[in-house]
Amino acid sequence: MNKDLNTYYHRQVDELSKALIALRAKSKRFVVSEVLSFLSIIVFIVLFTMLENGAWTLLLALAFLFFYFLIRHRDILNDQRIEKNENLKLVYEKELCYQKGDFSKFDNGKRYIDTMHQFTYDLDVFGEGSLFQRINRTISSGGSDCLAAHLSGNWEAMSATELVKHIKQRGITIAELSSNEYFVSHFKAQGVQKMIDTDAVKKAFANISGIKIPGYFSTQLFRLFIYANLTGFYFSVFFSIRGFLPGVLPLWWGMFNFFLAMLCSHKYIKLINEVVSKLQAQIRGYVNISSLVNEQTFQSPELITLKAQLLSAKDSLERLERILQKIDNRSNELGVVLFNSFGLLDIIIVRHFLNWQKTCGSVADKWIGTVGTFDVLVSMATFNMNEDKANAANVVEQNEVCYEARAIYHPFLGEKAVKNDFNIHHLDYSIITGANMAGKSTFLRTLGVNYILAMNALPVFADSMRVSVFRLFTNMRTTDDLTHGISYFNAELLRLRQLIDSLRPTVPSLIILDEILKGTNSLDKLNGSRLFLQYISEKNVTGVIATHDLELSKLADEMPGRFHNYCFEIELGERITYSYKITSGVARNQNATFLLKNILKT
């Protein structure tokens, strides 16, 4: 837990709570003012029809109309501030839960679980309490998919040279974002209430392209007609007030404008609403992100490039924001009547939408993808900020397995973890023995999870770690599948077959196995395990294998240059003492019988 950050989060929650109380009180005053100003408009219009020389009442009605628009505008801005502060407060509250070890507020990525993946299922990358759940702060489904791909090994598509360069650049990017708490928190606030559905947004843009609107809306002649109409309307109001025109003329003209807007654009406004309004909050999130990114001055090359990509669509996003604002203005019956009578709002919306429609398709995919990348980077930066005890790994380029760790431990264990030093040398095999619950499986996962972190330029849970680029394959959690007639033993064979098929002669591999052939008898298991290890040791493969079978440790005597023995030893006395420290040699003590005797005594 980052104690300084924890204190900061608490302070932000307190300050935002106080600000929200003031903003909500202001919102109530705005609502009262809007109602009173609207009632005043009605009263003065009624007076105008009742008085002989009542032109002054129209002037006052017009003044209250402008006052209504002003209050309405300030009310919208105030509501936006309330929403912004509520979202920020929720961001900090969720981070406080993380600091307490409660990860339930974050998406666990259960949908990404793949029991046949080469390592994610064994290493708890997805699911409840998983690595994904601890890192994930994505605000869009596209960003979530992108983060899942990063943790699932998409780095294997790069060459070692490309990957090492990418990791160094990505490390600089994450470090810069980690120092910009304002940007990170405000970015997360854009989707903290409800995640942006990237697929739905993409589908909406595809539907936008399919909306057919008559071309006359975008013609210069129609535009001039609108301007002439509104200019004449406001002149009629002015001259009616001065007594040069009948007072009923602007009233009839306003009614004409309302019905004109309904007649011309009602059908198309309905189509636009069906496509855009349902996704209004999500699209607004993209617009806000664009503005937020535009405010930043980045230093790292990756962030500068991403900002440029997003700003290339800035004009389109700003025009979309104006359309959304106009749709907001007609969000109630009163708004529809007033804004169409005095401004032909629906016609303006259709015109602007038609013009925007012509360019949206060319930029949508670009900025949606860019936001997804920002999404991943913000998640990684948050993890980097929260885990201040972790350190950057040194990823080196060499065409062999290199894994040198000092004081390494599993990230899920936190401060109670026992740290170990461990080196893995190219083409060597480490046979790890030990009693039940002595720490073998946790140690294997420690090696795998920290490797995933290193390949993503994330901090590793070790005092120091030097690691090369290699293919990782694990076999620790084999399950049967009775619905398909696959027994446990058969599932193990299929997993080992998958391992062998995944090997590449020119690419070094590290395999991490927890008991080979658990689903058969002891002698058959020993012989099968020896046969498998002898076969695999002839490949470009390095291995770490945990086993209860002490006989397997004799491979170190037969091939001392390739096989090495390590163990997690326990001490037996009145109770069992677990050190959770890995040492050289073969385990001497086992605990199954000891534990069973204690159970039987009770």
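This is a predicted model: local features need pLDDT of at least 70, side-chain atom pairs count only at pLDDT 80 or more; totals for chains, interfaces and linings use all residues.
Let's start with a word we'll need a lot: a residue is called buried when its relative accessible area is under 20%, exposed when it is over 50%, and partly exposed in between (1.4 Å probe, protein chains only).

Residues are numbered from 1 along each chain as its sequence is written, and side-chain values use heavy atoms, with hydrogens and water left out.

## Rings that meet

A pair of aromatic rings is described by the distance of the centres and the angle of the planes. Here, rings of Phe, Tyr and Trp (its six-membered ring) pair if their centres lie within 6.5 Å; planes under 30 degrees apart are stacked, over 60 edge-to-face, and the rest tilted. Searching the whole structure this way turns up 37 aromatic pairs. One of them is Phe217 with Tyr268, an edge-to-face pair at 5.8 Å centre to centre with 80° between the planes. Phe217 sits in the loop between helix H7 (198–210) and helix H8 (220–242), and Tyr268 in helix H9 (residues 248–276), so this pair ties together parts 51 residues apart in sequence. Helices (H or I, at least four residues) and strands (E, at least two) are DSSP runs, numbered from the N terminus. Ring pairs also join Phe217 and Tyr268 with Tyr216, Phe222 and Phe225 in a cluster.

Now for Phe422 and Tyr566: their ring centres are 5.1 Å apart and their planes are at 70°, so this pair is edge-to-face. Phe422 belongs to strand E3 (residues 420–425) and Tyr566 to strand E9 (residues 563–572), which puts the partners 144 residues apart. Phe422 is buried, because its relative accessible area is 3%.

## Charges over rings

A charge counts as sitting over a ring if NZ of Lys or CZ of Arg is within 6 Å of the ring centre and within 35 degrees of the ring normal. Arg134 does this with Phe412: its charged end is 3.8 Å from the ring centre. Arg137 lies over the face of Tyr98, at 4.9 Å from the ring centre.

## Salt bridges across the chain

Side chains of opposite charge can pair when their charged atoms come close. The rule for a salt bridge is a side-chain nitrogen of Lys or Arg within 4 Å of a carboxyl oxygen of Asp or Glu. How many salt bridges does a search of the whole structure find? It finds 17.

Take Arg477 and Asp124, whose side chains meet at 2.8 Å, N to O. These two are 353 residues apart: Arg477 is in the loop between strand E6 (471–475) and helix H16 (488–502), and Asp124 in the loop between H2 and helix H3 (131–135). Arg477 is partly exposed at 27% relative accessibility, and Asp124 is partly exposed at 23%.

Arg471 and Glu156 form another salt bridge, at 3.1 Å, N to O. Arg471 is in strand E6 and Glu156 in the loop between helix H4 (141–151) and helix H5 (160–178), so the bridge ties together parts 315 residues apart in sequence. Arg471 is buried at 17%, whereas Glu156 is partly exposed at 26%.

## A helix tucked inside

Is helix H6 (residues 181–189) largely enclosed or largely open? Eight of its nine residues are buried, so H6 is largely enclosed by the rest of the structure. Among these buried residues are Phe183, His186 and Lys188.

## A nonpolar patch and the UniProt record

Ile42, Val46, Met50, Leu51, Trp56 and Leu60 form a nonpolar surface patch with about 550 Å² of accessible area together. Helix H1 (3–50) and helix H2 (55–99) each give two or more residues to the patch, and H1 has the largest share, with three. Patch residues have over 30% relative accessible area and no salt bridge; like charges are joined within 9 Å, nonpolar side chains (Val, Leu, Ile, Met, Phe, Trp, Tyr) within 5 Å. The areas come from the Shrake-Rupley method with a 1.4 Å probe, and for residues only the protein chains shown count as cover. Ile42, in helix H1, is partly exposed at 39% relative accessibility.

An unreviewed UniProt entry lists residues 30–48, 54–71 and 224–245 as "transmembrane region". UniProt positions follow the numbering used here, feature names are shortened, and annotations may be inferred rather than shown by experiment. In the model, residues 30–48 are 100% helix and 0% strand, with end C-alpha atoms 27 Å apart. Residues 54–71 are 94% helix and 0% strand, and their end C-alpha atoms are 26 Å apart.
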